[in-house]
Amino acid sequence: MAGNIELLNSVLAQARTENRAALVGYLPAGFPTVDGGIRAMTEMLDGGCDIVEVGLPHSDPVLDGPVIQTADDIALRGGLKIVDVIRTVREVHAATGAPVLCMTYWNPVDAYGVERFAADLADAGGAGCILPDLPVEESEVWRKAAEQHGLATVFVVAPSSRDERLAKITAAGSGFVYAASLMGVTGTRESVGREAQDLVARTRATTELPVCVGLGVSTPAQAAEVAAFADGVIVGSAFVKRLLVAGDDLTAGLAGVRTLAGELAEGVRSRS
């Protein structure tokens, strides 16, 4: 079975025709449980997200801030395996028909087997992979497997990336470009900052791929601010917080993520 890169491309293109940014939600698989995570991601999509990223929890994250680290720890202590991540992708896509990507560090993919991971992700209906710590110079093996199985390869760019580096990264990627809004780790912030707008402009000068901005967006106003200059708005920590605050009350947590998705969806449609 081929992966769903074309579905991802179509959803991003549709958002553009509607003169708005796409809303991309993120949650780690296995949080608060495997089944609970599947339900939460489904609620996010039903509530207003266009795309969902399923995180593959890792014991040594380099991009994740304390909120997502807490969720990752809960998932890992619960015994999460890669097969559970694949199952999450499969069930969320089957329930919603939406594009579902996996966001993962490279070590788990390498250990699982590059070809096997690509094949299993595609078979589950996955649309692609976001690989924040895979250098483009070392990505050929993955990119070949991804292309063979119909998966997008999404690379991360940062404000520190020089223009020539941006061109090299975007030339190798597909689906969209993940633009980190600032230097640092994931988490909610008071302001997204002007660095993100500059980074989007510089990235767009190198590629026709959509540019989606993540790190720090947590409110409808921030979503609108970013949607004014980006093709997509990525929100993760704010969704995780809704589930953490709910604690053992999964029903309240699910209602929280659905409500937040709706509020953020209004934000990306309002554009400041």
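The largest nonpolar core in this predicted model takes in 98 residues. Within that core, the members touching the most others are Leu-27, Phe-117, Trp-142, Phe-176, Val-233 and Phe-239.

Setting aside neighbours within four places in sequence, Phe-239 is in contact with Gly-25, Tyr-26 and Leu-27, with Met-44 and Cys-49, and with Val-257, Leu-260, Ala-261 and Leu-264.

Next comes a helix pair. Two packed helices are described by the angle between their axes and the distance between the axes. For helix 3 (residues 66-77) and helix 11 (residues 237-246), the angle is about 55° and the axes sit 9 Å apart. With that angle, helix 3 counts as oblique to helix 11. The crossing of helix 3 past helix 11 is left-handed. On the helix 3 side, the residues involved are Val-67, Ile-68, Thr-70, Ala-71 and Ile-74, and they meet Ser-237, Val-240, Lys-241 and Leu-244 of helix 11. Sorted by class, this contact consists of six nonpolar residues, two polar ones and one charged one.

Helix 3 also holds Asp-73. Its relative accessible area comes out at 38%, so Asp-73 is partly exposed. Between Asp-73 and Gly-253, the separation is 180 residues in sequence and 18 Å in space, C-alpha to C-alpha.

Note on methods. Residues are numbered from 1 along each chain as its sequence is written. This is a predicted model: local features need pLDDT of at least 70, side-chain atom pairs count only at pLDDT 80 or more; totals for chains, interfaces and linings use all residues. Side-chain values use heavy atoms; hydrogens and water are left out. A nonpolar core is a set of buried Ala, Val, Leu, Ile, Met, Phe, Trp, Tyr and Cys residues joined through side-chain atoms within 4.5 Å. Buried means under 20% relative accessible area, exposed over 50%, partly exposed in between (1.4 Å probe, protein chains only). Contact means heavy atoms within 4.5 Å. Axes are lines fitted to C-alpha atoms, for helices over the stretch in contact, and angles run from 0 to 180 degrees between N-to-C directions. Helices (H or I, at least four residues) and strands (E, at least two) are DSSP runs, numbered from the N terminus. Angles under 35 degrees count as roughly parallel, over 145 as roughly antiparallel, 65 to 115 as roughly perpendicular and the rest as oblique. A crossing is left-handed if the near helix is turned anticlockwise from the far one by less than a right angle, and right-handed if clockwise. Ala, Val, Leu, Ile, Met, Phe, Trp, Tyr, Cys and Pro count as nonpolar, Asp, Glu, Lys and Arg as charged, and the others, Gly among them, as polar.
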